[in-house]
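Here is a short tour for anyone meeting this structure for the first time. Keep the 3D view open and follow along, one topic at a time.

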Number of protein chains: 2
Amino acid sequence: MSWTITASDIEGLARGAAVLGTGGGGDPYIGSLLARQALGDGEVTVVGLDEVPDDALVLFVAMMGAPTVMVEKLPSLDEVIAPVHALGVQLGRPVTHIACAEVGGVNSTIPVVAAAALGLPVLDADGMGRAFPELQMVLPTLYGITASPFAYADEKGNTGVLNTIDNSWTERIARVALVEMGCSVMMAGFSMSGAQARESLVSGSLSRCVRIGQSITEARDAKTDPVSAAVELLGGRELFGGKVVDVQRATTTGFARGSARIEGDGGAALTLGFQNEHLVAESDGEVLATTPDLIMVLDAESGEPITTEALRYGQRVRVIAGPADERWHSEEALAMVGPGYFGYDMPAYRYDGTVSEASAAVAR
Amino acid sequence: MSWTITASDIEGLARGAAVLGTGGGGDPYIGSLLARQALGDGEVTVVGLDEVPDDALVLFVAMMGAPTVMVEKLPSLDEVIAPVHALGVQLGRPVTHIACAEVGGVNSTIPVVAAAALGLPVLDADGMGRAFPELQMVLPTLYGITASPFAYADEKGNTGVLNTIDNSWTERIARVALVEMGCSVMMAGFSMSGAQARESLVSGSLSRCVRIGQSITEARDAKTDPVSAAVELLGGRELFGGKVVDVQRATTTGFARGSARIEGDGGAALTLGFQNEHLVAESDGEVLATTPDLIMVLDAESGEPITTEALRYGQRVRVIAGPADERWHSEEALAMVGPGYFGYDMPAYRYDGTVSEASAAVAR
């Protein structure tokens, strides 16, 4: 089912995307500003995966880099679509639909910006059902869809196009390039047919973001608990509540890496490990949840999602968890996005605290 | 005047290019191997700048990266022309001539390899009249000719194309990419018309390499002094003779950087500073010559040129210097390739020990 997105939907979309972005994906406020500017009084058609033609040409458009930096470098409309233009004739035929590589503050609204600027529809779908820090970490990689031809562009006017032997090489080369270019770029890639999109993407992502964002707003207005509303929509659970007492953060090799410690009222504490996104939640030696399931930090009262770069000492927060798209729990997927990949020596724990079945094989 | 180059010319070409390469440009033996393989029993036409049509489309093809590494990664013919193919339709029309970005062991023979593989002529010219370590350091940069569209390719099958706002940005982005890709790549770029080539390139480079290489061989055969023969052809002077007693070398950020100390019989010593190429020659506190003029190290007896990565303790060597293309002595050029750019706090000294006139303005 298709619907239209207008400037008035953006606040809900960005807030919901910031929840599903699990701490990454950049500042939703920045993404909202851009999207409102691009939409103006107009609208962008959002096409469901059930309606996209098999022979459509779908393209991911996203921001890549450390969201910490993007907060200070608001991209222009020209910059957002520069990588699409840089691909030029390499796609062989015109792009028909823009899609989100991930959900997450900026990267749910950037595709809307690109779609508005290019006069194209956007898919109600994304490549992860959450946010992940590296380029190859999208479900299409598991379906053999290549990131190449892959384009990136900075705000200065520099562009690059990569054709690599696999998606991890696209990540490696684009990552060092973007660090040199100022730690964030706009990207376009992972061109795929409508049929491939239907098979490989997570369906309904933008609708879900808007629904989660609106439910938080509605709960606030109704003086009910916004965090509980989000947990219910996610089908997840609340892990912990308390005060942020320590945040270690460094922007290294183009990522915002670090950890945060949250102390509860009863003396218990929760530690979060992150690389752009929250990856591991531990409390008193017990792992409560890990990547690929979703770990999210919300303001305790307002339910406002808090990105990893916005975590600050003294914030009263609640940490919640929810299930990832089940395809992330295959052995191959866990090798790509499980805790072991990020250097955590543990199996993958689902949002409910159980060990992901395929995880034993890839844990290190 | 055009001439043809066959496999039998390669030894002389590579040896002469290694002399003019001032220590950089990679192992001439590696370049020779590849060129002989590409030429087989065939030949490549070498076209003088006086004969290239104004509307020719000239393209530089070269190896970029740390020559230290290339010694261990002999590129295939496919890899050499991969960046040309990666440029695809971006040049707007077919390439008509291949040219050398620099003279230097590998980078004088790689264009011959590309020309043979593509069935094109090569220009009797190059972009520097010597070798320099960074991409933007070619005379065409001084003429406003852009490196973009610029392509690079590794031996694994990864390719990238850059379109940047200036040639220094091409260098910056390509440099970090090639470090990630294994410290050396093949590149193609600086597309220019025949008229631009005639204006901006150094004329007669390949002929000069062959002539220098042959004169060294002939002097050996005639039991005369090969080093003196090279000095005479270069119009230069001999700076120092002695034994290599210390070499400091590190491959960092894609370059082979370091210094070497050579002790003479009388107790005097000469210090060479290099970044891929020899940049500064000092003796007992006196600067004898610096970039952009040519500083070359030859085997004391055989006259065989010794690259910076082949410098070893105990070698008996003679250090010679010769004049660079005069355009390298302009104020703008010295800002790009003078000693100050490489971190040496001194003006540029010509091969004859005098200070380059425009140098006071850019020394730091």
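In this predicted model, seven strands of chain A form an open sheet in the order 14-13-12-11-10-16-15, with antiparallel pairing.

- At the edges you will find strand 14 (286-290) and strand 15 (294-299) of chain A, each of which pairs on one side only.
- From one strand to the next, the twist averages 35 degrees.
- Strand 13 (residues 277-283) of chain A runs antiparallel to strand 14 of chain A, and four bridges join them.
- Look for Ser283(A), which stands opposite Glu286(A) in strand 14 of chain A.

**A serine in a loop**
- Ser148(A) sits in the loop between helix 6 (139-142) and strand 6 (150-153) of chain A.
- Is Ser148(A) buried or exposed? Its relative accessibility is 10%, so Ser148(A) counts as buried, the cut-off being under 20%.
- A polar atom of the Ser148(A) side chain lies 2.8 Å from the backbone nitrogen of Thr164(A).
- Leaving aside residues up to four places away in sequence, Ser148(A) touches Leu162(A), Asn163(A), Thr164(A) and Thr170(A).

**Two helices in chain B**
- Helix 1 (residues 10-20) and helix 9 (residues 205-221) of chain B pack at an angle of about 100 degrees, their axes 6 Å apart.
- That angle makes helix 1 of chain B roughly perpendicular to helix 9 of chain B.
- Among the residues making the contact are Gly12(B) and Leu13(B) of helix 1 of chain B, and Leu206(B) and Arg208(B) of helix 9 of chain B.
- The residues of this contact divide into nine nonpolar, four polar and three charged.

Key
Residues are numbered from 1 along each chain as its sequence is written. Chains are lettered from A and ligands numbered from 1 in the order in which they are written. This is a predicted model: local features need pLDDT of at least 70, side-chain atom pairs count only at pLDDT 80 or more; totals for chains, interfaces and linings use all residues. Side-chain values use heavy atoms; hydrogens and water are left out. Axes are lines fitted to C-alpha atoms, for helices over the stretch in contact, and angles run from 0 to 180 degrees between N-to-C directions. Angles under 35 degrees count as roughly parallel, over 145 as roughly antiparallel, 65 to 115 as roughly perpendicular and the rest as oblique. Contact means heavy atoms within 4.5 Å. Ala, Val, Leu, Ile, Met, Phe, Trp, Tyr, Cys and Pro count as nonpolar, Asp, Glu, Lys and Arg as charged, and the others, Gly among them, as polar. Buried means under 20% relative accessible area, exposed over 50%, partly exposed in between (1.4 Å probe, protein chains only). A polar contact is a pair of N or O atoms within 3.5 Å; within protein, one must be able to donate a hydrogen and the other to accept it, and residues adjacent in sequence count only if both atoms are side-chain atoms. Two strands pair if DSSP finds at least two bridges between them.
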